[in-house]
Amino acid sequence: HTAGFLGLQIALILVAVQNSLFLIDTEVSYEFLGGIQKTRKAIKAYLICLLAISLVKVTATIYVVGNGVGAPWTLKDTGIGEMKVGQLVDKIWMLFNAVAPL
């Protein structure tokens with residue numbers, strides 16, 4: 001089921017990118033961000049962060065699909081309680097793909 005989840009991850013990433021580009025193309029402006037210029041800056045910052053964390057997440061998932069186990073770097077401790085690097089990546093990725101687009 002990991003290969004199917006990889007497809008879902010890619011689909012969610014593409015939808016988030018498409019939504020962001022739509023906001024830029026249609027010149028959406030949020031006053032609480034300070035107008036169109038700051039809205040565009042926020043969207044660009046979001047896209048950079050989204051693509052960065054998605055690269056890490058998809059790389060980890062591809063490793064699992066190919067090897068049947070998590071990548072060694074994902075199993076290391078973060079220093080945040082008992083949380084592993086893979087868990088932290090998951091939480092950040094979910095923030096950018098499930099929460100931030102709302």
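**Close-up views of a predicted model**

**View 1. Phe-5, Leu-8 and Leu-12 make a nonpolar surface patch of about 230 Å².** Patches are made of residues with over 30% relative accessible area and no salt bridge; like charges are joined within 9 Å, and nonpolar side chains (Val, Leu, Ile, Met, Phe, Trp, Tyr) within 5 Å. Accessible areas come from the Shrake-Rupley method with a 1.4 Å probe, and for residues only the protein chains shown count as cover. The model is predicted: local features need pLDDT of at least 70 and side-chain atom pairs count only at pLDDT 80 or more, while totals for chains, interfaces and linings use all residues. Residues are numbered from 1 along each chain as its sequence is written, and side-chain values use heavy atoms, with hydrogens and water left out. Leu-8 sits in helix α1 (residues 2–25). Helices (H or I, at least four residues) and strands (E, at least two) are DSSP runs, numbered from the N terminus. With a relative accessible area of 41%, Leu-8 is partly exposed. Buried means under 20% relative accessible area, exposed over 50%, and partly exposed in between (1.4 Å probe, protein chains only).

**View 2. Glu-27 and Arg-40 join their side chains in a salt bridge, 3.7 Å from N to O.** Glu-27 lies in the loop between α1 and α2 (36–67) and Arg-40 in helix α2, so the pair ties together parts 13 residues apart in sequence. A salt bridge is a side-chain nitrogen of Lys or Arg within 4 Å of a carboxyl oxygen of Asp or Glu. The structure holds 3 salt bridges. Glu-27 is exposed at 52% relative accessible area. Arg-40 is partly exposed at 24%.

**View 3. Ser-29 lies in the loop between α1 and α2.** Its relative accessibility is 33%, which counts as partly exposed. Ser-29 touches Gly-35, Ile-36 and Thr-39, not counting residues up to four places away in sequence. Contact means heavy atoms within 4.5 Å. Ser-29 and Arg-40 are 11 residues apart in sequence and 8.0 Å apart in space, C-alpha to C-alpha.

**View 4. Lys-57 forms a salt bridge with Asp-90, the closest N and O atoms being 2.3 Å apart.** This pair links distant parts of the chain: Lys-57 is in helix α2 and Asp-90 in helix α3 (residues 85–99), 33 residues apart. Lys-57 counts as buried, at 10% relative accessibility. Asp-90 is partly exposed, at 33%. The charged end of Lys-57 also sits over the ring of Trp-93, 5.8 Å from its centre. A charge sits over a ring if NZ of Lys or CZ of Arg is within 6 Å of the ring centre and within 35 degrees of the ring normal.

**View 5. The structure holds 2 aromatic pairs.** Tyr-30 and Phe-32 form a tilted pair, 5.6 Å centre to centre, with 45° between the planes. Tyr-46 and Phe-96 form a stacked pair, 5.8 Å centre to centre, with 25° between the planes. Tyr-46 lies in helix α2 and Phe-96 in helix α3, so this pair ties together parts 50 residues apart in sequence. Rings of Phe, Tyr and Trp (its six-membered ring) pair if their centres lie within 6.5 Å; planes under 30 degrees apart count as stacked, over 60 as edge-to-face and the rest as tilted. Both Tyr-46 and Phe-96 are buried. Phe-32 counts as exposed, at 69% relative accessibility, and Tyr-30 as partly exposed, at 33%.
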